[in-house]
Amino acid sequence: MIFDLIVIVRVPESDEIPAVADALARMRPLCLAEDGCVSWEAYQSQDDPGRFVLVERWASRAHWEAHDSGDAIRKIYIPELLPRVEREVHPSSPVGSAQ
């Protein structure tokens, strides 16, 4: 069963925004290369540049959980992003879906 995830990221310090955007851009190809990654996109708000939304789709929850041991998480997300951001993680389902 497909596992969809929405992550809302807020960067409290405006001088950290470019570093967060760069880290997310570098994460994308690593995530897309992982087994079970169907899609992975990071969006930056045009109205609030310190707010990002990650939209992830995984072949299963198990694939997403395995993602924690990948390079994108271990080498970029944990050391570069987590110290700079506040985040909300939302496993999600499309509205009106039978999932």
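## Ground rules

Residues are numbered from 1 along each chain as its sequence is written, and side-chain values use heavy atoms, with hydrogens and water left out. Since the model is predicted, local features need pLDDT of at least 70 and side-chain atom pairs count only at pLDDT 80 or more, while totals for chains, interfaces and linings use all residues.

## Overall build

The protein chain has three helices and four strands; here helices (H or I, at least four residues) and strands (E, at least two) are DSSP runs, numbered from the N terminus. Going along the sequence, they come in the pattern β-α-β-β-α-α-β. The radius of gyration is 13 Å, close to the 13 Å that the globule rule gives for 99 residues, so the chain is as compact as a globular protein of that length. That radius is taken over C-alpha atoms, and the globule rule is 2.2 Å times the number of residues to the power 0.38.

If you like to picture a box, the C-alpha atoms fill one of roughly 40 × 30 × 20 Å along the principal axes. Contact means heavy atoms within 4.5 Å. Of the contacts in the chain with a separation of 6 or more, 69% are between residues 24 or more positions apart.

## Surface and charge

Of the 99 residues, 31% count as buried; buried means under 20% relative accessible area, exposed over 50%, and partly exposed in between (1.4 Å probe, protein chains only). The chain exposes about 5,800 Å², with carbon and sulfur atoms supplying 53% of it. Those areas come from the Shrake-Rupley method with a 1.4 Å probe, and for residues only the protein chains shown count as cover.

On the charge side, there are 10 positive and 17 negative side chains, and the centres of the two sets lie 2 Å apart. Lys and Arg count as positive and Asp and Glu as negative, leaving out His and the chain ends; each charge is placed at NZ of Lys, CZ of Arg, CG of Asp or CD of Glu.

## Helix 1

Helix 1 covers residues 17–32, 16 residues in total, and reaches 23 Å from its first C-alpha to its last, close to the 22 Å expected at 1.5 Å a residue. The expected span is 1.5 Å times one less than the number of residues.

Its buried residues are Ile17, Val20, Ala23, Leu24, Met27 and Cys31. An α-helix has 3.6 residues a turn, so residues three or four places apart point the same way. The buried residues of helix 1 pack against strand 2 (37–44), strand 3 (51–58), helix 2 (61–67) and helix 3 (71–81).

Val7 sits in strand 1 (residues 3–10) and, at 3% relative accessibility, counts as buried. Leaving aside neighbours within four places in sequence, Val7 is in contact with Phe52, Val53, Leu54, Glu56, Tyr77, Arg87, Glu88 and Val89.

Glu80, in helix 3, counts as partly exposed at 23% relative accessibility. Not counting residues up to four places away in sequence, Glu80 touches Ala23, Arg26 and Lys75. Arg61 belongs to helix 2 and is partly exposed as well, at 40%.
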